[in-house]
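Subject: Structure handover

Hello,

Here is the structure you will be working with. Please open it first, then read the notes below it.

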Amino acid sequence: MPHAIRFHHAGGPEVLQWDEVAVPPPAAGEAQVRHHAVGLNYIDTYHRTGLYPVPLPSGIGLEGAGVVEAVGEGVADVAVGDRVAYAGGPLGAYSQLRNIPADRLVRLPAALSFEQGAAMMLQGLTAQYLLRRTYRVQPGDTILIHAAAGGVGLIVCQWAKALGATVIGTVGSDEKAALARAHGCDHPIVYTREKFAGRVREITGGEGVPVVYDSIGADTFMDSLGCLRPFGTLVLFGAASGPVPPFDIGLLAQKGSLFLTRPTLFTHTAKRADLLAMAAELFDVATAGKVRIEVNQRYALKDAAQAHRDLEARRTTGSTLLLP
Ligand code: NDP
């Protein structure tokens, strides 16, 4: 009988349990995937804690890579034996075997391993839509990314650099600063020592940046607004420190006709044509060596609770895999 990590009530990492699960044959439109690697993402902690409520009991996880073992009626997007990866669809990636809507699956190029696929899909497609579809980074831009040594962060640093940008990134320690620098971050700022808004003004000669990519939320939001130049865009895409409290929208005018957006990957990938185009662009930068996918932590899938503890305690860098 295959196993999966499931949770029966919201809470700390200890609610994640290793359950036996029955996996029926795939229904119409579904494919059955045997996972070789599963991706760990910060959003998984939001589901577990109830910040993003889900009906319980529930599977967990949105990203994996493996082989298609069966397909349901009417499936044309993939075939049995295909090497595939995905980011999105119903929760349940923390599993050995699962069914998933086939239109969420992307074929992995031969040059990319299952581990690379599971490590890059969610964080890499996020970097794609942040840099290429939300605020389109131009050569010569100076940008600010928070959590620059994290999973999304290391990919954004490298990709933005390859696009010709100067990258400023915030990190929580000197070790993370060195790691971010080695991945294209020109100006790592250790925010525990130095206020990042003042440092961003210094680096940009007082002008500010055209875009801030902020996934920290509550702790950074106001200072992130303070880093923008007139007409700048704040892309708030996560809440690692908690959700941003309601704020006076008039601040956007006072601080220089600013733009604020709160995007999510799953709107960008909702149409299959967009998913495929975004994945093709991601696979191109990865296979060309412009973006290296750094798997810096690996856990047995059944130890997912420990992986959550380490992620939330800021002990991880780059991408993290759970291995079934
Ligand atoms: P990371 O690997 O970046 O891990 C989170 C990092 O955030 C930590 O390592 C830590 O780095 C930093 N951090 C700052 N404050 C806190 C805090 N209070 N608690 C915990 N961590 C904190 O995770 P991911 O790459 O998986 O995701 C990065 C962010 O992007 C998350 O917020 C996630 O929700 C968001 N995201 C949003 C998507 C979207 O479409 N909207 C899609 C994918 C991710 P440091 O020590 O350097 O501060």
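The domain bounds used below come from an automatic or database domain assignment.

The model is predicted. The mean pLDDT of the protein chain is 98, and 100% of its residues reach 70 or more. For the complex, the predictor gives an ipTM of 0.99 and a pTM of 0.98.

Domains and ligand

The protein chain is divided into two parts: domain 1 covers 3-121 + 271-323, and domain 2 covers 139-262. Taken over C-alpha atoms, the centres of domain 1 and domain 2 are 28 Å apart. Ten residues of domain 1 are in contact with 13 residues of domain 2. On the side of domain 1 that touches domain 2, three residues are nonpolar, three are polar and four are charged.

Where does the ligand lie relative to domain 1 and domain 2? Both domains give residues to the shell around the ligand, so the ligand lies between them. The shell holds 29 residues, and the closest are Gly150, Gly151, Gly172, Ser215 and Gly238. By class, the shell has 13 nonpolar, twelve polar and four charged residues.

In general, strands of a sheet pair through backbone hydrogen bonds, either parallel or antiparallel. This chain has an open sheet of six strands with parallel pairing, in the order E11-E10-E9-E12-E13-E14. Its edge strands are E11 (187-190) and E14 (259-261), each of which pairs on one side only. From one strand to the next, the twist averages 15°.

At the E11 end, strand E10 (residues 166-171) runs parallel to E11 and is joined to it by four bridges. Val171 stands opposite Val190 in E11. Helix H3 (residues 151-162) lies across E9 (142-145), E10 and E12 (209-214), and runs at about 165° to E10.

The three-stranded sheet

An open sheet of three strands has antiparallel pairing and the order E2-E1-E4. Strands E2 (17-20) and E4 (58-59) stand at the edges with a single partner strand each, so one side of each has no neighbour in the sheet. Strand E1 (residues 3-7) pairs with E4 in the antiparallel sense over two bridges.

Two backbone details

Most residues other than glycine have a negative phi, and most peptide bonds are trans. Two places in this chain are worth checking against that.

The peptide bond from Leu56 to Pro57 is cis, with omega near -5°. Pro57 sits in the loop between H1 and E4.

Phe231 is not a glycine, yet has a positive phi of about 65°. Which strand holds Phe231? Phe231 is in strand E13 (residues 228-236), and E13 belongs to the six-stranded sheet described above.

Regards

Note on methods
Residues numbered from 1 in each chain as written. Predicted model: local features only at pLDDT ≥ 70, side-chain atom pairs only at ≥ 80, totals over all residues. pLDDT = per-residue confidence, 0-100. Pairing = 2+ DSSP bridges. Axes fitted to C-alpha atoms, helices over the stretch in contact; angles between N-to-C directions. Contact = placed C-beta atoms within 7 Å. Near = placed C-beta within 6 Å. Nonpolar A, V, L, I, M, F, W, Y, C, P; charged D, E, K, R; others polar.
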